Amino acid sequence: MSKIQLDGNKMMYHLDKVNAWSRGELITPIYVAFSPTSYCNHHCVFCVYHYKEFKPIFFPLERYSRLTSEWAQAGVRSLFFAGDGDPLLNKQCHEMVKLSKEAGIDVALNTNGRLLSEKNIPTLVKHLTFIRISLNAGSRDNYADIHGTVPADFDCVLENIKALVEEKKKQNSQITIGVQSLLLSKNVHELKSLTLKLKDIGVDYFAIKPFLKHPEIPFDDKVENLNDVLDDLAAFSAEMEKENFKFVLRKTLFFQSGERSYKKCLSTPFMIEVDALGDLYSCGPYIGKEEHKLGNIMNQTFQEAWTSEQAEKARKYVSCSVDPSKCMPFCRPDSVNDFLWKLSNPPQHVNYI
C-alpha cells in the first residue's frame, strides 16, 4: 500500500517543536522552501507568481555552501527547492542539493523538468527525497499553450522523466518520482492519456489538483461539469492503482469550500520561504511584500536573521494582522495553520478522547 501523502500535514511527527512553540519558545522552522533563482524558462498561464516580475537572479553557491550548515545547526529538517522560478535554471542547483543532503537535511525539488540533464540527474537521484515535475498537458500543442513554451518541450520533458526513472533503477535509489498537473478546462480531456504515458514510463505517482487563483493574477479558469469530471477521474484512478504506481486525485482540495476554520496564520515559526535574493518570507504568495519579510541571509547568518527584530516584527504582523480569509485558498501552510489553531483553541472536555 502506498504511503504517499500529498494533503494534510505531518506535524504529529515533530511534537518536540510543537511543544516548544506551545510553551512560547522561539523555534526554528522545520521546513524551508528555497528559490535558487527567481527566473523561469516557462510562462505558465496559471502561475501564482505572475504578480511579480521574473528576473535572472541566482543564489550564489559560495553563500549556499555555508548556509547548509547554518540550517542544519538551527534544526531545519527539510528543504524544498521550488519558489518563484524553476530551480534548475540555477546551473549549480544540483550541487546545492548535494550539499543540503550532506548536511543532514532532507531535500526535495519541484521543476517543470525541461532542464533535467545527463549532468544533473545522477546527483539529483542520489540526494533527493522526492522530485515533482509540473506537467499540465497531454499533447505537444496544448503543452506549449499552457506552459507558454514551444511544443518540442513536451517531448523533451517526457524523455527527461524517462531518464530520471532509469537512473533511479541504476542507482537502486529510494527517490520518489512524481508528476503533478492542475485540472484545467484546457487539459481535462488529456489527463487520462497522460496518466497512461506516465504509468508506462514508470513514475511513482501522478497527482491532479485544482487551479487555485492568487488574488493578484488575472488568469482564471472553470471546468464545466466539475462533479462529473471528478467522478470519472475517481473511477479511473481505481483502475490505475498498482503496486508501484499511484494516481492521486487530490479530492480534499476540490470538495472543500476554501473557508478557514482558523482565525490567525500561525505557521511562520514552522515553515518559511527564501527567495533568490536571500530574503526570508512568511509565505510564497507574499514574496516581495515588505511586511512579510523576516530578514536577509546574504550578509547575516540564518540564526542572526531569524532572531532579529525585523523577524520578530514580521512574525507578529503575520500572526496578529493577516486575515487568512483573504489569502488564496489552500495555501501551503493551510493544514498546518488548522492544526496549530486547534491545538491553541481546544474544545471542552479534551480528556474524553
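Which residues is Leu198 in contact with, leaving aside its neighbours within four places in sequence? They are Leu135, Leu158, Ile161, Val179, Val203, Phe206 and Phe245, where contact means heavy atoms within 4.5 Å.

Some ground rules. This is a predicted model, in which local features need pLDDT of at least 70 and side-chain atom pairs count only at pLDDT 80 or more, while totals for chains, interfaces and linings use all residues. Residues are numbered from 1 along each chain as its sequence is written, and side-chain values use heavy atoms, with hydrogens and water left out.

Leu198 also belongs to the largest nonpolar core, which has 71 residues. Such a core is a set of buried Ala, Val, Leu, Ile, Met, Phe, Trp, Tyr and Cys residues joined through side-chain atoms within 4.5 Å; buried means under 20% relative accessible area, with a 1.4 Å probe and protein chains only. Leu198 is listed with Trp71, Phe81, Leu135 and Phe302 as having the most contacts inside this core. Helix H6, residues 152-171, gives the core its largest share, six residues. Helices here are DSSP runs (H or I, at least four residues), numbered from the N terminus.

Now the helix pairs. H6 and H7 pack at about 35°, their axes 9 Å apart; axes are lines fitted to C-alpha atoms over the stretch in contact, and angles run from 0 to 180 degrees between N-to-C directions. Leu158, Ile161, Lys162 and Val165 of H6 meet Lys197, Leu198 and Ile201 of H7.

H7 (residues 191-201) packs with H8 (residues 226-240) at about 20°, with axes 11 Å apart. That makes the two roughly parallel, a term for angles under 35 degrees.

Methods: Parallel < 35°, antiparallel > 145°, perpendicular 65-115°, else oblique. Buried < 20%, exposed > 50% of the residue type's maximum accessible area, 1.4 Å probe, protein only.
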